[in-house]
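Here is a short briefing on one protein model. Look through the structure first, then read the points below.

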Amino acid sequence: MSSTVGIADIFTGILLMATAGLVLSLLFNRNYKNKYNERGKFNRTTGITLGLMVLSFVVIGLSADPEGTEEHLDSGEIAVEAGIDEMTEEEDAEETEAEQRAEEEQAAEKAEAEKQAEEEQAAEKAEAEKQAEEEQAAEKAEAEKQAEEEQAAEETEAEKQAEEEQAAEETEAEKQTEEEDVVKNGLIPVQLYRVVDGDTVHVIDEDGNNLNLRLLLIDTPETVHPNEPVQPYGPEASERLTDLLNGAGQLYIEYDDGDKQDHYGRELVYLYADDVNVHEVLLEEGLARVGYIYEQQRYLEDFKVAEQYAKDNGLGIWSIPGYVNEGGEGFNYEEEPAVEEPADDGGGTDTGSYNFANCTELREVFPDGVASDHPAYQSKMDRDNDGYACEISSSSSAETSIEEPADTSADTGNYNFANCTELREVFPDGVPSDHPAYQSKMDRDNDGHACE
């Protein structure tokens with residue numbers, strides 16, 4: 001522009017304003033068309049602006065020199081082109097920025113998803129490792145616990161075994177000491193073999209000998225007498241004696257002053273179950289009476305006291321009026337069968353009606369045997385030459401081949417015994433119900449065992 005204001009200058013200003021308006025119009029028009037999709041329509045304002053521009057160019061061209069006109073035209077064109085180019089670059093920048101922003105958002109979302117997946121995977125892995133460690137720790141703890149329990153059990157078992165061994169040693173030592181003390185006090189340890197009845201027992205001593213015991217100073221009702229029925233309280237006395245002896249840890253016998261055996265060869269003793277005198281127990285409970293009194297009377301007064309207790313309380317045999325023969329021996333249950341005695345012609349050696357073929361026949365009449373001054377005595381029956389024939393002793397009761405019964409051809413095979421005396425000659429302990437020698441008439445207590 002020149003230094004002086006003229007028409008050219010005015011129109012130059014108008015041209016600049018028209019150019020600016022055109023640029024703005026184009027911008028607004030483009031946005032409007034894009035918004036309302038009215039492409040191809042001509043805007044009146046744009047036409048007016050273009051008209052002003054054309055008019056300004058003409059006036060300026062007429063008012064200025066060609067060079068100036070050209071310069072002004074070039075400047076206008078450059079300005080228009082610059083405006084258009086600037087508008088295009090801004091649109092491209094906006095689109096590029098939008099695309100970049102979308103890519104960044106997509107990349108961010110992808111990164112967030114990958115991060116979340118990695119975190120989940122890491123959490124699952126950590127949880128699996130933790131669970132594996134816990135299981136391994138639990139297995140290890142269980143194994144350690146089991147090992148400790150096994151070790152504790154082994155230690156406990158070892159301690160228990162050691163205690164048992166120590167207790168056994170102490171018990172053995174105590175037992176040995178007691179046995180030594182007992183021997184010093186006159187008691188002899190024995191083992192039970194068989195209870196015959198309430199006052200007769202078979203035992204085995206320390207040397208293995210079978211001893212037939214007759215308990216001193218007591219008498220119990222009969223249960224095995226061949227010529228008498230089972231008497232009241234006889235089985236109870238045998239059963240009580242059996243219980244006492246079987247329940248004891250050790251049995252002892254004690255001899256008194258005087259003879260050690262009776263004329264049947266039975267040991268005359270006092271019998272103890274541990275430290276209990278079985279004689280006193282039977283007397284106190286009314287299962288025995290004081291009897292069988294000879295020169296051995298060490299505990300007679302004590303036994304009478306025990307007997308008096310049962311008598312005062314009406315126990316056992318004392319509960320039956322007149323049952324105990326207080327004026328003599330035995331019990332008033334049933335009179336013994338009478339035995340016809342032969343007439344004594346004064347010869348002294350005539351056996352008359354006592355000419356028995358063997359000890360079995362003799363014991364039918366004289367269960368305890370006979371002395372040498374008896375008319376039934378025969379030297380062939382006195383095997384031990386002690387002046388007493390067919391006596392029952394511990395040695396003879398153990399034999400099974402003494403005199404055979406006279407008749408062995410009956411329906412019961414070779415065992416048709418007339419009574420328990422004959423049967424015990426062969427079977428000292430009696431026979432059970434399934435034995436061919438069993439007969440119900442010999443099983444007086446109906447326990448399935450005859451002559452026991």
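Two residues touch, or are in contact, when heavy atoms of theirs lie within 4.5 Å. With that cut-off, Ala-306 touches Glu-280, Leu-283 and Glu-284, leaving aside residues up to four places away in sequence. Keep in mind that this is a predicted model.

**The protein overall**
- The protein has 9 helices and 12 strands.
- It has 452 residues, and 33% of them count as buried.
- Take the contacts between residues at least 6 apart in sequence: 55% of them join residues at least 24 apart.
- The accessible surface comes to about 28,100 Å². Carbon and sulfur atoms account for 48% of that surface.

**Ala-306**
- Ala-306 sits in helix 6.
- Is Ala-306 buried or exposed? Its relative accessible area is 4%. Buried means under 20%, so Ala-306 is buried.
- Ala-306 and Glu-284 are 22 residues apart in sequence. In space, their C-alpha atoms are 4.8 Å apart.

**The largest nonpolar core**
- In soluble globular proteins, nonpolar side chains tend to be buried together.
- The largest nonpolar core here has 36 residues. Leu-213, Leu-241, Leu-245, Ile-253, Leu-271, Val-278 and Leu-283 have the most contacts inside it.
- Several elements give two or more residues to this core, including strand 1 (187-197), strand 3 (210-215), helix 4 (234-246), helix 5 (278-284) and helix 6 (300-313).
- Which element gives the most to this core? Strand 6 does, with 6 residues.
- Leu-213 touches Asp-199, Thr-200, Val-201, Val-203, Ile-253, Glu-267, Val-269 and Leu-271, not counting residues up to four places away in sequence.

**Helix 4**
- Helix 4 has 13 residues, which at 1.5 Å a residue should span 18 Å. Its end C-alpha atoms are 18 Å apart, so the two values agree.
- Its buried residues are Gly-234, Ala-237, Ser-238, Leu-241, Leu-244 and Leu-245.
- Why do the buried residues of helix 4 line one face? Seen down the helix axis, they fall within an arc of 130 degrees, so they line one face of the helix.
- An α-helix has 3.6 residues a turn, so residues three or four places apart point the same way.
- The face of helix 4 turned away from the buried side carries the exposed residues Glu-239 and Asn-246.
- What covers the buried residues of helix 4? The cover includes strand 1, strand 2, strand 3, strand 5, strand 6 and helix 5.

Key
Residues numbered from 1 in each chain as written. Predicted model: local features only at pLDDT ≥ 70, side-chain atom pairs only at ≥ 80, totals over all residues. Heavy atoms only, no water. Core = buried A, V, L, I, M, F, W, Y, C linked by side-chain atoms within 4.5 Å. Buried < 20%, exposed > 50% of the residue type's maximum accessible area, 1.4 Å probe, protein only. Helix = DSSP H or I, 4+ residues; strand = E, 2+ residues; numbered from the N terminus. Expected span 1.5 Å × (residues − 1). Arc of directions from axis to C-beta. Areas by Shrake-Rupley, 256 points an atom, 1.4 Å probe, with all protein chains shown as cover.
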